[in-house]
Amino acid sequence: MVVTDPRQPDNPIVFVNRAFLDLTLYEEAEAVGRNCRFLQGPQTDPATVDAIRKAIADERTVAFDILNYKADGTPFWNALFLGPIFDQEGQLLYFFASQMDVTERRATEQSSLQAQKMEAIGQLTAGMAHDFNNLLQVINGNLELALLALGAGNNTAGESIRRAQRSAIKAGKLTQQLLTFARKQRLEPRRVNLNALLVEFSELLVRTLGDQVDLHLDLKPGLPACTLDPTHLEMALLNVLINARDAMPNGGQSRLPRRWRPATSWRSAWPTRAKA
């Protein structure tokens, strides 16, 4: 609880209870006599602050969630209720504010919104992937018919058609990756060579990670085959590398866990070489 006195210059705090001090980590002497704006910080929304100031000027009750900061600099979401207190003649005496830390609730709400957004993206991705896959089936079928019609007489044209077929097959793999991302694809484990899978997948990794990342593959020869779903593994590796990149906005070095390094490792060369 906080009580401020609008009859004094800058509407200072004249009373705080123990719960306020426990929440904000300030001492009573540090809070009393100051305007409540000392709780604001660099990420506090200016529009919310303006709305609170306008409510105070209009002498009316408001309720907002506002990002405030504790004495040690820790941000917290503050569910603020603010209202005026009048005397019997209707003269404004004080403003009363109750505050509650709702950081956990806000985080839960944001997680729920993000999950809904990702579900919508997944549904859109799955629909596009299915449509694209249907188009590829038509393309592949017509390429096979073109090869049959061409016969063995024109090797140059035949090679061009076969290159188009190989590209269509690669495009088909991309649709499977999109379906895996959308979680609309069934897992299909099979025997695969990790080295061959990583070399083939590296082209997509380079495009996804961007120009700032220098991707290196350090592959150990003679690895035994593994039984797994290759597309699922590709998406898992892509997530690991994207998370590592996003966790180092100022540069650094990204590696897989140490136990993997004898077989495979990735090194991301950034403009700076600070360890993350």
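Guide: What follows goes from the chain as a whole to one helix, then to salt bridges and a surface patch.

Visitor: Before anything else, what am I looking at?
Guide: This is a predicted model, in which local features need pLDDT of at least 70 and side-chain atom pairs count only at pLDDT 80 or more, while totals for chains, interfaces and linings use all residues. Residues are numbered from 1 along each chain as its sequence is written, and side-chain values use heavy atoms, with hydrogens and water left out.

Visitor: OK, how many helices and strands?
Guide: The chain has seven helices and seven strands, where helices (H or I, at least four residues) and strands (E, at least two) are DSSP runs numbered from the N terminus. Their order from the N terminus is β-β-α-α-α-β-β-β-α-α-β-α-β-α.

Visitor: And how much of the chain is buried?
Guide: Of the 276 residues, 33% are buried, buried meaning under 20% relative accessible area, exposed over 50% and partly exposed in between, with a 1.4 Å probe and protein chains only. The chain exposes about 17,400 Å², of which carbon and sulfur atoms supply 56%; such areas come from the Shrake-Rupley method with a 1.4 Å probe, and for residues only the protein chains shown count as cover.

Visitor: Let's zoom in on H3. Which of its residues are buried?
Guide: In H3 the buried residues are Thr48, Val49, Ile52 and Ala55. They lie on the same side of H3, because they cover an arc of only 125 degrees around the axis, the arc being that of the directions from the helix axis to the C-beta atoms.

Visitor: What covers that side, and what's on the opposite face?
Guide: The cover over the buried residues of H3 includes strand S3 (62-69) and strand S4 (75-86), with contact meaning heavy atoms within 4.5 Å. The face turned away from the buried side carries Pro46, Ala47 and Ala57, which are exposed.

Visitor: How far does H3 reach, and what follows it?
Guide: H3 spans residues 46-58, and its 13 residues reach 18 Å from first C-alpha to last, close to the 18 Å expected at 1.5 Å a residue; the expected span is 1.5 Å times one less than the number of residues. Glutamate 59 comes after H3, and its phi is positive, near 55 degrees.

Visitor: Switching topic, how many salt bridges are there?
Guide: The count is 10 salt bridges, each being a side-chain nitrogen of Lys or Arg within 4 Å of a carboxyl oxygen of Asp or Glu.

Visitor: Which residues are linked in a network?
Guide: Lys54, Asp58 and Arg60 are joined in a network of salt bridges. Within it, arginine 60 meets aspartate 58 at 3.5 Å, N to O, with arginine 60 partly exposed at 36% relative accessibility and aspartate 58 partly exposed at 39%.

Visitor: What about arginine 18?
Guide: Arginine 18 pairs with aspartate 22 in a salt bridge whose closest N and O atoms are 3.3 Å apart. The two are separated by about one helical turn, because they sit four residues apart in helix H1 (residues 18-24). Arginine 18 counts as exposed at 52% relative accessibility, whereas aspartate 22, at 49%, counts as partly exposed.

Visitor: Last one: which residues form the nonpolar patch on the surface?
Guide: That patch consists of Met1, Val14 and Phe15, with about 260 Å² of accessible area together. Patches are made of residues with over 30% relative accessible area and no salt bridge, like charges being joined within 9 Å and nonpolar side chains (Val, Leu, Ile, Met, Phe, Trp, Tyr) within 5 Å. Valine 14 lies in strand S2 (residues 13-16) and is partly exposed, with a relative accessible area of 34%.
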